[in-house]
Amino acid sequence: MEKKLKVAALRNGTVIDHIPADKLYKVVSILRLETSENQITIGNNLESAKVGKKGIIKISDRAFAVDETNKIALIAPNAKINIIRDYQVVEKRVLTLPEEIREIVQCTNPNCITNNQPVTTRFLVLTHNNEIMLKCHYCEREVKRDEVRIK
Amino acid sequence: MSNKSLVSISDYSKEEILAILDSAAEFEANPNRKTLDGKVIATLFFEPSTRTRLSFETAVIRLGGSIIGFSDAATSSSSKGETLNDTIHMVSCYADAIVMRHPLEGAARYASEVSPVPIVNAGDGSNQHPSQTLLDMYSILKTQGTLENMTICVVGDLKYGRTVHSLIMAMSHFHPTFKFIAPAELRIPDEYKVFCQRNDIPFTEVTELYDNFQDADILYMTRVQKERFQDLMEYERVKNVYTLKNSMLYNTKPNLRILHPLPRVSEIDPDVDENEKAYYFHQAQNGLYVRQAIVSKVLGL
């Protein structure tokens with residue numbers, strides 16, 4: 001049986017698929033798509049065998065650097081990035097968490113310099129006992145991945 | 001950016017820690033030299049800390065250097081809303097190094113990234129205070145003759161006590177055994193227990209002070225602060241149970257020394273002061289030599 005596309009096919013650009021539905025708008029914000037001039041199709045709460053309800057984003061005529069897409073690994077580690085040229089997938093990208101995350105995460109410590117002065121946040125990504133932790137480069141406080149606050 | 005700054009005790013390797021302690025011993029033998037002749041050191045205290053400021057300033061003056069700065073943010077331009085970035089840039093036009101105390105955690109790390117001159121962290125909120133850790137280590141070395149294989153009992157506020165956390169990290173190079181003695185509310189955070197496990201450092205945890213430090217070489221006391229407790233009844237109980245009295249030292253090892261970062265409130269009874277095992281006032285004096293060593297190192301002297 002032929003599958004019917006719920007979101008129109010893309011000629012050239014980037015497709016981000018399998019985003020958990022509750023993370024879709026965070027991904028939009030991390031990639032700063034609000035200010036993008038490109039044509040963008042966003043679908044959410046689509047049925048997915050893998051993640052229950054998923055979101056998908058299609059951005060025409062735009063490629064993302066690896067370190068840009070890796071930023072979303074923090075909140076949507078299983079999202080799939082497909083780079084499309086002439087309706088063909090030319091690259092499938094697997095997300096990997098960077099060693100350091102800049103800007104997008106807010107420190108949970110209200111007394112941290114980054115919450116009180118114009119300082120760009122920096123977090124080191126650590127693994128303790130198979131649990132991913134983010135350590136603030138400035139105040140040195142560690143938070144668990146699922147307690148992270150995205151700006 | 002200067003890589004010579006001292007922000008966190010973990011910035012220093014084991015060798016660098018030992019070099020600082022060696023250098024401190026030389027300054028103790030001869031604390032008045034003119035090695036900082038012509039140098040200007042800024043002490044920027046965005047929150048007051050008279051003890052630490054006087055120690056750093058004396059260290060500089062005894063080496064022939066000069067001091068500029070402020071002892072309270074209310075008298076500085078930060079009260080007009082100037083950013084830390086701007087204050088650091090401005091002061092670095094005048095000074096060869098900056099000693100800084102700031103109420104916000106991470107302030108010293110940030111300052112070290114924007115400053116063209118070295119930064120010495122003299123305390124950033126509840127985060128780091130590396131000169132305290134180094135003077136604690138100097139005190140251990142001086143009284144025990146070694147840093148290796150010490151049994152260290154740390155007592156009091158192990159949850160929020162930054163001096164305790166830094167001491168655990170710094171002593172991890174020297175095969176210590178720790179005993180953590182704290183009321184349930186103020187017990188050592190899990191991340192430090194994980195740190196000990198990862199570094200093969202044996203430790204035990206108990207909740208009562210009495211009769212629990214007979215095997216100790218070092219008894220490291222900290223202040224138990226009232227504002228850390230939700231239940232004030234519990235605070236009153238803990239305050240009394242966690243007071244070290246001279247009579248409790250009867251059965252302890254002869255080489256035991258009692259350290260405390262000071263100021264103390266009620267956790268050490270004044271009747272301990274006369275005991276030869278009380279070392280906290282000497283410890284404060286050691287701070288002078290250690291800070292002379294730190295300022296000299298960051299200036300590359």
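**Note on chains A and B**

1. Helix α9 (residues 280–298) of chain B has 19 residues, which at 1.5 Å a residue should span 27 Å; its end C-alpha atoms are 27 Å apart, so the two agree. The expected span is 1.5 Å times one less than the number of residues. Helices (H or I, at least four residues) and strands (E, at least two) are DSSP runs, numbered from the N terminus. Just after α9(B), Gly300(B) takes a positive phi of about 75°.

2. This is a predicted model: local features need pLDDT of at least 70, side-chain atom pairs count only at pLDDT 80 or more, and totals for chains, interfaces and linings use all residues. Residues are numbered from 1 along each chain as its sequence is written, while chains are lettered from A and ligands numbered from 1 in the order in which they are written.

3. Chain B is assigned domain 1 (31–128) and domain 2 (131–284); the bounds come from an automatic or database domain assignment. Their centres, taken over C-alpha atoms, are 29 Å apart. Each domain gives 5 residues to the contact (C-beta atoms, placed from the backbone, within 7 Å).

4. Strand β3 (residues 97–102) of chain B is mostly covered, with 6 of its 6 residues buried. Buried means 20 or more other C-beta atoms within 10 Å of the residue's own; exposed means 12 or fewer; partly exposed lies in between; C-beta atoms are placed from the backbone. Ala97(B), Val99(B) and Arg101(B) point one way, and Ile98(B), Met100(B) and His102(B) the other. In a regular strand, side chains alternate between the two faces of the sheet.

5. β3(B) runs parallel to strand β1 (residues 40–45) of chain B, joined by 5 bridges. Strands pair if DSSP finds at least two bridges between them. Met100(B) is the bridge partner of Leu44(B). Another 4 bridges join β3(B) to strand β4 (residues 119–124) of chain B, also parallel. There, Val99(B) partners Val120(B). The chain crosses from β3(B) through helix α4 (residues 107–114) of chain B to β4(B), a right-handed β-α-β crossover (strands pointing away from the viewer, the path from the first strand over the helix to the second runs clockwise).

6. Backbone checks follow. Most residues other than glycine have a negative phi, and most peptide bonds are trans. Leu262(B) and Pro263(B) are joined by a cis peptide bond, omega about 0°. Pro263(B) sits in the loop between β9 (257–259) and α9 of chain B.

7. Tyr87(A) has a positive phi, near 65°. Tyr87(A) counts as exposed because it has 9 C-beta neighbours inside 10 Å.

Methods. Two residues are in contact if their C-beta atoms, placed from the backbone, lie within 7 Å.
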